[in-house]
Amino acid sequence: MLVCQCNMITSKQIEDIVLELLEQDPWQLVVPAKVYRELERRAKCGGCVPNVVDIIVRVTESFHLQQARTPGELVDVQARLEKLKQKRNGVPREGRTTGHRAA
């Protein structure tokens, strides 16, 4: 499946890069910028970044499931991400109030 139309990157290419990175160091933080750097490309419009993050989470989770000795040793990444999303929703991202805006 085509994930990034600007660079013509498929989900298979992203999955392969993430697996290579995890095989080098299973506990490193894999982020979209690292994936694009390995592909020798950059995110142009940024529309694909959420899909790249989803692929990274899915591949990382399955990689650690295969490596885990018991299911209890695996941290549920998706559940932790959902908690962070819920905590972040509705919270203003700027430290200023709207009355302090210049425009």
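Leaving aside neighbours within four places in sequence, Val18 is in contact (heavy atoms within 4.5 Å) with Val30, Val35, Ile56, Val59 and Thr60. The model is predicted, so local features need pLDDT of at least 70 and side-chain atom pairs pLDDT 80 or more, while totals for chains, interfaces and linings use all residues. Residues are numbered from 1 along each chain as its sequence is written, and side-chain values use heavy atoms, without hydrogens and water.

Val18 also belongs to the largest nonpolar core, which has 18 residues and in which Ile14, Val18, Val30 and Val35 have the most contacts. Such a core is a set of buried Ala, Val, Leu, Ile, Met, Phe, Trp, Tyr and Cys residues joined through side-chain atoms within 4.5 Å, where buried means under 20% relative accessible area, exposed over 50% and partly exposed in between (1.4 Å probe, protein chains only). Two or more core residues come from each of β1 (2–4), α1 (11–24), α2 (32–38) and α3 (49–67), helices being DSSP runs of H or I with at least four residues and strands runs of E with at least two, numbered from the N terminus.

Ser11, Ile14, Glu15, Val18, Leu19, Leu22 and Glu23 in α1 meet Val52, Ile55, Ile56, Arg58, Val59, Thr60 and Phe63 in α3.

The loops hold two further points to look at. Met8, in the loop between β1 and β2 (9–10), has a positive phi of about 55° although it is not a glycine, and Met8 counts as exposed because its relative accessibility is 55%. Glu40, in the loop between α2 and α3, is likewise not a glycine and has a positive phi near 60°; with a relative accessible area of 74%, Glu40 is exposed.
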